[in-house]
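Work through the exercises below with the sequence and the 3D structure open beside you, and try each task before reading its solution.

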Amino acid sequence: MLAGPNGQGKTNFLEACHLACTLRPLRAQKLSELVRLGEEAAFVRARFQLAGGERTVEIRLADGKRTALLDDKPVRDPQELFGGIAVVAFVPDDLLLVKGGPDGRRRLLDRAVQNRHPLHLTDARDYARALKNRNQLLKQGAPDALRAAFDEPLAKLGARVRLRREQVLQELRPRATLAFSQVARGEEPLSLKYLAAGRDSVGLGDSALEGGEAALADKLLQALDLRLPRDRERGYTSVGPHMDDLLLELGDKPARLFASQGQGRAIVLALRIGEIENLKAAQGRAPLLLLDDVSSELDPERNRFLMDYLSSLEGQVVLTTTDPALVLSKDRARADTRLLQVRAGEIAAS
Ligand SMILES: Nc1ncnc2c1ncn2[C@@H]1O[C@H](COP(=O)(O)OP(=O)(O)OP(=O)(O)O)[C@@H](O)[C@H]1O
Ligand SMILES: [Mg+2]
């Protein structure tokens with residue numbers, strides 16, 4: 001546990017942990033945001049004790065680019081690091097996911113998928129690239145033949161991305177629902193649904209999943225065609241996994257519209273616990289957890305629930321807080337808890 005007042009470097013430390021495990025930033029959109037203002041480069045070095053022995057990861061960020069070494073050998077993709085170490089992060093911004101726009105919920109789902117299938121990231125990236133190219137051609141009013149060259153790869157990758165999301169959602173559903181029932185206070189049950197863009201208008205609803213990946217790719221291709229006149233006018237692609245959403249409901253009411261703030265937080269807490277439980281079941285061990293000052297955002301009862309859950313979890317948890325009293329209590333502390341103080345960018349045992 002890292003404790004310290006505001007602005008001392010707690011989140012910064014979690015950023016470094018996240019980068020070392022996944023090669024990607026925790027909160028920042030761009031790698032360059034991780035470099036200290038006025039400096040040219042950032043450097044992170046981490047030592048991992050894994051079942052197979054000790055490994056060292058070194059990452060350097062400069063000029064918006066990343067170079068990474070695993071035991072002195074270059075790595076390009078996160079899955080080359082120990083096959084993609086599973087990391088679940090929980091940060092205060094997550095608590096806004098329920099009420100916010102669909103992109104946050106898509107990101108939540110994609111991170112969960114990536115922990116289960118490290119290759120998902122590559123497919124999602126290739127999909128995003130094909131999409132960008134196609135959108136550019138739509139905007140430029142490029143000839144049909146040129147644009148059409150992107151449709152097939154886009155549909156194929158899109159089908160793969162969506163199916164993986166659907167599959168992981170299927171795994172998460174019972175676990176998140178159970179966790180929600182444990183933190184609920186008389187709320188109706190939580191339900192999770194994949195909401196595909198064009199589900200009613202261009203045949204991309206649940207029935208599109210019936211024939212597997214190739215059939216879904218065909219459906220997506222047809223949908224791209226059906227939407228073409230409209231998409232050409234607007235200069236962007238209006239169907240595909242980049243437009244889909246995760247519908248969260250309490251009973252039959254959409255949580256985005258009806259949940260209170262506290263209920264929204266309880267839902268996110270349940271989703272995170274669902275993901276941890278799912279990874280435990282699938283991989284035989286809990287993921288590395290990074291929690292950034294979440295305690296101060298939850299009400300005392302739900303915070304106690306989370307802390308009890310964490311203390312019974314076998315796995316490494318790195319959490320930050322401005323107030324250790326919110327986190328530690330005599331009957332709850334794990335025997336292996338270490339309390340560290342963060343002051344002006346320095347970490348010290350207390
Ligand atoms: N890219 C950057 N360059 C320079 N300073 C930065 C950069 N990003 C953040 N900082 C500063 O580093 C300090 C530590 O930030 P950090 O977010 O880690 O604090 P924190 O301990 O998590 O604080 P809080 O409790 O408020 O969340 C802050 O003063 C912040 O403004
Ligand atoms: Mg912080």
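**Exercise 1: the surroundings of the ligand**

Task: list the residues that surround ligand 1, and sort them by class.

Solution: In this predicted model, the residues that surround ligand 1 are G4, N6, G7, Q8, G9, K10, T11, N12, R36, L37, D293 and T322. Sorting this shell by class then gives one nonpolar, eight polar and three charged residues, where Gly is counted as polar.

**Exercise 2: following helix α3**

Task: find how far helix α3 reaches, which of its residues are buried, and what covers them.

Solution: Begin with the length, for α3 runs over residues 120-140, which is 21 residues, and reaches 30 Å from its first C-alpha to its last, close to the 30 Å expected at 1.5 Å a residue. Next, look for burial, which requires 20 or more other C-beta atoms within 10 Å of a residue's own; in α3 the buried residues are H120, L121, A124, Y127, A130, L131 and R134. When reading that list, recall that an α-helix has 3.6 residues a turn, so residues three or four places apart point the same way. The cover over the buried residues of α3 includes α2 (102-116) and α4 (144-183). Finally, step just past the end of α3, where G141 takes a positive phi of about 65°.

**Exercise 3: the chain as a whole**

Task: decide whether the radius of gyration of the protein chain agrees with or departs from that of a compact globule.

Solution: A compact globule of 350 residues would have a radius of gyration near 20 Å, and because the protein chain has 22 Å, the two agree. The C-alpha trace spans about 65 × 50 × 40 Å along its principal axes, and buried residues make up 34% of the 350 residues.

Conventions. Residues are numbered from 1 along each chain as its sequence is written. Chains are lettered from A and ligands numbered from 1 in the order in which they are written. This is a predicted model: local features need pLDDT of at least 70, side-chain atom pairs count only at pLDDT 80 or more; totals for chains, interfaces and linings use all residues. A residue is near a molecule or strand if its C-beta atom, placed from the backbone, lies within 6 Å of it. Helices (H or I, at least four residues) and strands (E, at least two) are DSSP runs, numbered from the N terminus. The expected span of a helix is 1.5 Å times one less than its number of residues. A residue is buried if 20 or more other C-beta atoms lie within 10 Å of its own, exposed if 12 or fewer, and partly exposed in between; C-beta atoms are placed from the backbone. Two residues are in contact if their C-beta atoms, placed from the backbone, lie within 7 Å. The radius of gyration is taken over C-alpha atoms; the globule rule is 2.2 Å times the number of residues to the power 0.38.
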